[in-house]
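Let's take a short walk through a protein model together. Have the sequence and the 3D view open as you read.

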Amino acid sequence: MKITTVGIDLAKNVFQVHGIDERGKVVLKKQLRRDQMAPFFVNLPPCLVGMEACGGAHHWARKLQGMGHAVRLMAPQFVKPYVKTNKNDAADAEAICEAVARPNMRFVPVKNVEQQAVLALHRVRQGFVRARTAQANQIRGLLGEFGIIIPQGIGYIGTRVPELIEDGSNELPGAFRLLVQRLLDHLKDLDRQVDELEAKIQAWHRSNDLSRKLAQVPGIGPITASALVASIGDAKSFDSGRQVAAWLGLVPKQNSSGGKANLLGMSKRGDTYLRTLLIHGARSVIYRVSQKADACNWISAVVNRRNKNVAAVALANKNARIVWALLAHDRHFDAGYVR
């Protein structure tokens, strides 16, 4: 029997494979170790291979595509309804094999090596930013226990804390002063790491035509543009700009029934990092618009009618749709564009 569809439950060392033929009959149930994966699929005739989008999925997708197989990645939440019984590797592989053959299934685009490398820079930078914020809060909290209050804002840590350490009039013990100095040195090291990674991201942004094209949109800078290009990849894998906005969780969540539409707040699905970048970029645009006399009519009307938070999400939604149009149709941003 010829195998036409294969579902793979990925893991670190042991992979479960489930295969069916053109009539849907199960013809393959096999457990493979990591070093057995490549030899097995090299000798397998080209077929449709489904996997969940998880750690290592893009690596195996590229590898299997090089062997002639048609590979499809799916979000795990779309595969879960096809698990028939209790969760185990064999049931997961069977569910993946069933889900990948559905005609209305949504698939995740396979990322290339360059996209993954750029996203790795973003993830590591994001981790350093979080660690820097946590370190600043720890310093502020420790000083607060001695009655020394530092204003919020990471900039105040570097300007006021060194003066407090050198000030002999306060009651800080000598050992505690040395401890705070060590924490300050760690904070400076984290700050340096963030700056170095930002420089690498901006260097990649300047060398990429698509990223520089997206940076022309108000509210999108080098960080956001490079993250969008690396995450979206081929924009034509989305049918419309609204799909991109929904993919980023910038559209309303629905709880409709009986023909009555009930729209809730934004769904907050998808990539939290990209959604945060777009919303913060929209906030900066709203702030700049409020400082100008000839403000943008659309965004000003939204701010006046609702509030700045709703306007920021609305503008982020609009920018996500603009990004899809620029990438999918190979256009340059035109502020006065009319469809």
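This is a predicted model: local features need pLDDT of at least 70, side-chain atom pairs count only at pLDDT 80 or more; totals for chains, interfaces and linings use all residues.

Residues are numbered from 1 along each chain as its sequence is written, and side-chain values use heavy atoms, with hydrogens and water left out.

If a disulfide is taken as a pair of cysteine sulfur atoms within 2.5 Å, the count here is zero. Cys47 is in no disulfide, and the nearest cysteine sulfur to it belongs to Cys97, 9.2 Å away. Seen from Cys97, the closest cysteine sulfur is that of Cys47, and 9.2 Å is too far for a bond. Cys47 counts as buried because its relative accessibility is 7%; buried means under 20% relative accessible area, exposed over 50%, and partly exposed in between, using a 1.4 Å probe and protein chains only. Cys97, at 2% relative accessibility, counts as buried too.

Next, find His58 in helix α2, residues 57–66. Helices here are DSSP runs of H or I with at least four residues, numbered from the N terminus. His58 is buried, with a relative accessible area of 11%. Leaving aside residues up to four places away in sequence, His58 touches Leu73, Val108, Pro109, Val110, Lys111 and Gln116, where contact means heavy atoms within 4.5 Å.

Finally, turn to helix α13, residues 308–328. After α13 comes Asp330, whose phi is positive, near 55°.

Conventions
Helices (H or I, at least four residues) and strands (E, at least two) are DSSP runs, numbered from the N terminus. The expected span of a helix is 1.5 Å times one less than its number of residues.
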